[in-house]
Every structure is written in C-alpha cells, then in structure tokens.
Amino acid sequence: MTAAIETEKLTKYYGRARGIMDVDLTVEAGQIFGFLGPNGAGKSTTIRLLLDLIRPTSGSARVLGMDVHRDRLAIDRRVSYVPGELSLYPELTGRQLLTYLGNLQGRVDAEYREKLIERLELDTTKRIKSLSRGNKQKVGLVAAFMIRPDLLILDEPTAGLDPFIQLEFESLCEEARAEGRTVFISSHQLPEVEHLCDRVGIIREGRLLAVESIAALKERALRRLEIDFGSEVPVAAFAGLLGVRDLTVDGETLRCTVMGSLDSLVKAAAQFEVRNVRSVETSLEEIFLAYYGSGDGTMGKEAANAAA
Amino acid sequence: MLLRSVFGKTIRDLRWPTLWVGLGMGAMTGYFALLFPTYSKLFDLNSMLEKMGPVAKLLGPGADASTLVGFLHIELFSMILPALIVAFAAGMASGFTAGEESRGTIDVLLSYPVSRRRVVLEKAAAVVIGCVIAATAVWVMALAGAAASSSPLPPDRLAEALVMLVLLGLAFGAIALAISAATGNRAAAIGVAIALMVVMYLIDALAAIVDGLRSIQPLSLFRYYMGNDPLRNGLSLTDAAVLAAVTAVFLMAALVAFDRRDLAA
C-alpha cells in the first residue's frame, strides 16, 4: 500500500535560518497521525513543503505516492488542507466561500456538505470577517471535509474550537479513518490529540526525533512511585531492578520512576514492611519529554533505542 | 455565478473599483465634451496656448484647442486618463498575488487544484476586462456629451485612442504584476509602477523641448501611447504592438517568477 506521506531527507533553510533538517517521515494510509512539536519546531514548514507552497533546499517528498511538485494538481484533487493561521476571503459569506472552494475543487458531495454544516453548527450566512476564530476554523473544516479527500492535512485544527465542536471534529476524523482516509494533524500539545491518533511523530528544532504508535507509548507508561516503609531500607535491595530509574532512598521513603510493569519493584518491596504506596501515572507528554526532552536529536535517538 | 473560478472571483473583487474608475473617467470626459462649445466661446483657447510658447509643446503634437478632439487631447488624454488607468491597472495587478499572500489566503487557494500559473493568468485576464469596461464607459459618456453639445467627435477615432489607453494601462499593470509576483511586496509593486509612469511621462513630454531627451524617448511607453496622436490620426499598429509586447513580456516574467518562488506563510 502506498504511504500517504513519505519524505526523504527533507530539508529546508530560509536563507541561513533553519526550517527543517533531514526529515524522514512516513505516514501510512488509513491512519490518524499526530505531528507534534513546540511552536517554531518546523511543523508548518514541513506541511507547506508537502503542499508545494515552499520548495525544499534538499531532499524530496511524496504525497499519495506522487511527487509534491511535479504532480501538484493531481495531489490537490485528493488532498484537503486547513492552515494553522487560517485566512479566508473576509468579504464572502461562509456559504459563498464554500461555493467558491467547491467550484475550484470540481466535485463536492453537497449532501455531505450540508450535514457537516449542521454537525459543526456553522452559520453560513455571516461574512467571514464577522466570524470568531473558532467559527472561521469551522468554515475551514467544512471546506476540508466536504470534498471527502484521501488525505486531510490539518495544521493546529482545534485551536479556538469549543469542546462540543471539538468532539464533533474528532468523530469526523474517526469517520474519515474508518473510510480508509488519512488524517495528518499537527499540534503543539500531545494531550489534545493523543486519544485521537494512531501514531505520533515529534519534531523539535527542525529534526524529526521519533515516530511512535500511541499503543507503544502507553506500554512505556511511566509512573512516579513513593513507598513509605516501616523502617529504614537499604538502597542495595532495589538496585538494578528492571524498569526502575531515578531511584533514591531517604531513610524510610523510597522514590523512583518505573517504566512498564511494576512487578519487580513490588516483589522487592514486599520483603520489608510497606506502610504506604503513592503512584502518579504520567501523561504521554511527559513520556515523550522523558525520552526526547533533551532537545538534541542524536541523544533523543539513543534514548529511543535504549528504550526499545 | 462569479464564484466559479479565480477569474470570476477576481472580476467580483474588481467590480466596485471598475465601476468607480469607469464612471469617474467617463463623467470627466463627458463633461468636457458637453462644455467644450461654452469654453471655446468664453476663452480663446488657442491664443492661450500661443502665449504659453514652447511650454505648449509639452502637451504633445495634438495640442489644438480649437476642436473638441484637440481639447480632449490636452485636457484628458495626455495626462489625466493615462494616470487614472495606470493607477487602476497597476493597483489591481499589484494586489493579486501579493495581496493573497499578505492576507494568507494564497495557502488555501493553492491547496485546490489550480496551478500558480493559472491563478496569475486568470487574475490578469480579469484586469483586462476591468480596463475594457472602464474604457467603454468613457467611450459612451464622451460620445453622449459630444452629441449633446453638437461637437464633432469621431466614434472610431475615440475608440482607437481608448484602445491605446487600455494597452498603456495593461503594460504598467503587467509591470506591477511582475514585481508583485516576484517579491510578494504590494507596496513596492505599485510604487515602482507609478514612479515609472511619472518618469516615462516626463521623458516623453520634455523630449519635445529638451533635445538631450530625444535619444531616450523610445524608452518611454508614453511615446507609443501618444506618438501617433490616436485621437486625431487613429492608432498605429506598430505602437500598439510595442505596448502589447511589453505587456506580454512582463506577464511571462510574472508567471515564471511566481511559479518558482517560496510563498510567504
């Protein structure tokens, strides 16, 4: 099966300023993919390269198996894009804008379009310039979904949406996936997309640090544990346990971080009198930061290898 | 209905500017045509021209205030109408790609199956339509004014002069379009186009009294617009071809430059 997105050593410099460097990214078709990174990490640069709005300094990119520059129009017929800083023609009403964009696209499922307008509770009679950010975003989302594209590229799509509409948006993404379409969502916040995505890639300072499935990340769930014992315990009793790190023993209290199963730690603790156990499960975001948070791409990869 | 294509959308965007420029230029021309007999009775316009001496030459070879044709030439076709049509065409053309870029709408537009070249071409075509509509308004209102004041004004010559006017506007429009497509900077595009127009106007006008300028007169597009005095003599195909060629060259430059460039985020 052809990958929905495939980049090879994709690199972009703006003059001497860094855009992205050597990004090798593959997004399989039929997935919801989260593209994560802090602001300025290169998410929008990557997306605008995929759309041929800017041209790479080196490397190449393919979308739906086609070259992003040479096969531009063929790609545009099957791909929708909602930019992060969404700007639409302010003088048009929502309805006029959808008509215009639909005509440019050539084919629109009118019935589906009306259903989308209803589901996202969009008032199409208002001019774009009078809409709030969230409502503008809704126009963009209707425009993107109404053509039933094979690939949706959404740059920070949930900014400004109220929670109810956000749920509706998520079910739209899931429906698209169920129909075998691919959704590529960029975000600077993992919690916003972690329950939605099958896989996530993280980009930092222009480099793709890792691509992981959400399931694999969850297997590596980190817990911070504090165990209070009835008496002082020797550190040596807990040294070298599988999956235990950041171990400190302070008199009667043990503190550590555990990755994966708690089994070996619990068994080691059982030989002493245990008074209390406090456990905090960390978010996926913290997991990501634990592995890749050094900010240095090469170190991030080593950490990923060590963890695998 | 106009929201079917980039061309239609651009026509829609240009509808009010086109209406105002067309009505403005038309009303001015019609007004002069209507009042010409009164003017020529009240003032001996030709003796005023003689008193101006060599400066009258600045008004070009067609400066003869005893006929409506000569009067329109002096009052409107030598400076005001060209300035207006150039400002209109260059103003519109400079706003197309640069305007969509600075507003950020270009990202959405180009994510639809419309090539960059087609965007430029369809927008350029809309300016041609806008200029033709504005010129047609001038033609209708000028002839109406002339008929009302029973002054002779040959409709075919007027049409030919207006064709030259449109070609002049399009040439400067194409220059503005090329700069805007290459740089994404609307202010630079319109500024350069207007500055060029002023310089070219001065070269062409002053060449009549300053010998040193005569060698560079062919560099001025006004030379081709005015050279044959189209309102009196009809248009020269050569002059029209020069203006059309300049337009084509800059349009090509705009297409190539816009196609190659990184677009602003």
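Which residue takes a positive phi in the hairpin of strand 13 of chain A and strand 14 of chain A? That residue is A:G251, with a phi near 65°, in a hairpin that has 2 residues between the strands.

## Basis of the description

This is a predicted model, in which local features need pLDDT of at least 70 and side-chain atom pairs count only at pLDDT 80 or more, while totals for chains, interfaces and linings use all residues. Residues are numbered from 1 along each chain as its sequence is written, and chains are lettered from A and ligands numbered from 1 in the order in which they are written.

Helices (H or I, at least four residues) and strands (E, at least two) are DSSP runs, numbered from the N terminus. Two strands pair if DSSP finds at least two bridges between them. Axes are lines fitted to C-alpha atoms, for helices over the stretch in contact, and angles run from 0 to 180 degrees between N-to-C directions.

## Domains of chain A

Chain A is assigned domain 1 (5-217) and domain 2 (222-281); such bounds come from an automatic or database domain assignment. The C-alpha centres of domain 1 and domain 2 of chain A are 44 Å apart.

## The sheet of six strands

In chain A, 6 strands make an open sheet with mixed pairing, in the order 7-8-9-4-10-11. Strand 7 (79-82) and strand 11 (207-213) of chain A each have a single partner strand, so one side of each is left without a neighbour in the sheet. Direction ignored, neighbouring strands of this sheet are turned by 15° against each other on average. Within the sheet, strand 4 (residues 32-36) and strand 9 (residues 182-187) of chain A pair in the parallel sense over 5 bridges; A:F35 has A:S186 of strand 9 as its bridge partner.

Helix 1 (residues 43-50) of chain A packs on this sheet, where it touches strand 4, strand 8 (151-155), strand 9 and strand 10 (199-204) of chain A. Contact between two residues requires that their C-beta atoms, placed from the backbone, lie within 7 Å. The direction of helix 1 of chain A makes about 145° with that of strand 8 of chain A. Helix 6 (residues 163-178) of chain A lies across strand 4, strand 8 and strand 9 of chain A and runs at about 145° to strand 9.

## The sheet of four strands

A further open sheet of chain A has 4 strands in the order 13-14-12-15, with antiparallel pairing. Its edge strands are strand 13 (244-250) and strand 15 (274-281) of chain A, each of which pairs on one side only. The twist from one strand to the next averages 15°.

Strand 13 of chain A is joined to strand 14 (residues 253-259) of chain A by 5 bridges. Along this pair, A:V249 has A:L254 as its bridge partner, and A:V244 stands opposite A:V258. Strand 14 of chain A is also joined to strand 12 (residues 222-229) of chain A, by 7 bridges; here A:D228 is partnered with A:T253.

## A hairpin and positive phi values

Strand 1 (residues 5-14) and strand 2 (residues 17-23) of chain A run antiparallel and are joined by 4 bridges, with A:R18 as the bridge partner of A:Y13. The hairpin that they form has 2 residues between the strands, and A:G15 in the turn has a positive phi of about 65°.

Most residues other than glycine have a negative phi. A:K9, in strand 1 of chain A, has a positive phi of about 45° although it is not a glycine. With 13 C-beta neighbours inside 10 Å, A:K9 counts as partly exposed. A residue is buried if 20 or more other C-beta atoms lie within 10 Å of its own, exposed if 12 or fewer, and partly exposed in between. A:D52, with a positive phi near 65°, lies in the loop between helix 1 and strand 5 (58-63) of chain A; A:D52 is buried, with 22 other C-beta atoms within 10 Å.

Helix 1 (residues 6-42) and helix 4 (residues 80-103) of chain B pack at an angle of about 175°, with their axes 11 Å apart. That makes these two helices of chain B roughly antiparallel; angles under 35 degrees count as roughly parallel, over 145 as roughly antiparallel, 65 to 115 as roughly perpendicular and the rest as oblique. Helix 1 of chain B contributes B:L14, B:P17, B:V21 and B:M25 to the contact, and helix 4 of chain B contributes B:L81, B:L84, B:F88 and B:M92.

Between the chains, 18 residues of chain B are in contact with 24 residues of chain A. Helix 5 (residues 105-110) of chain B gives the most to the side of chain B that touches chain A, with 4 residues.
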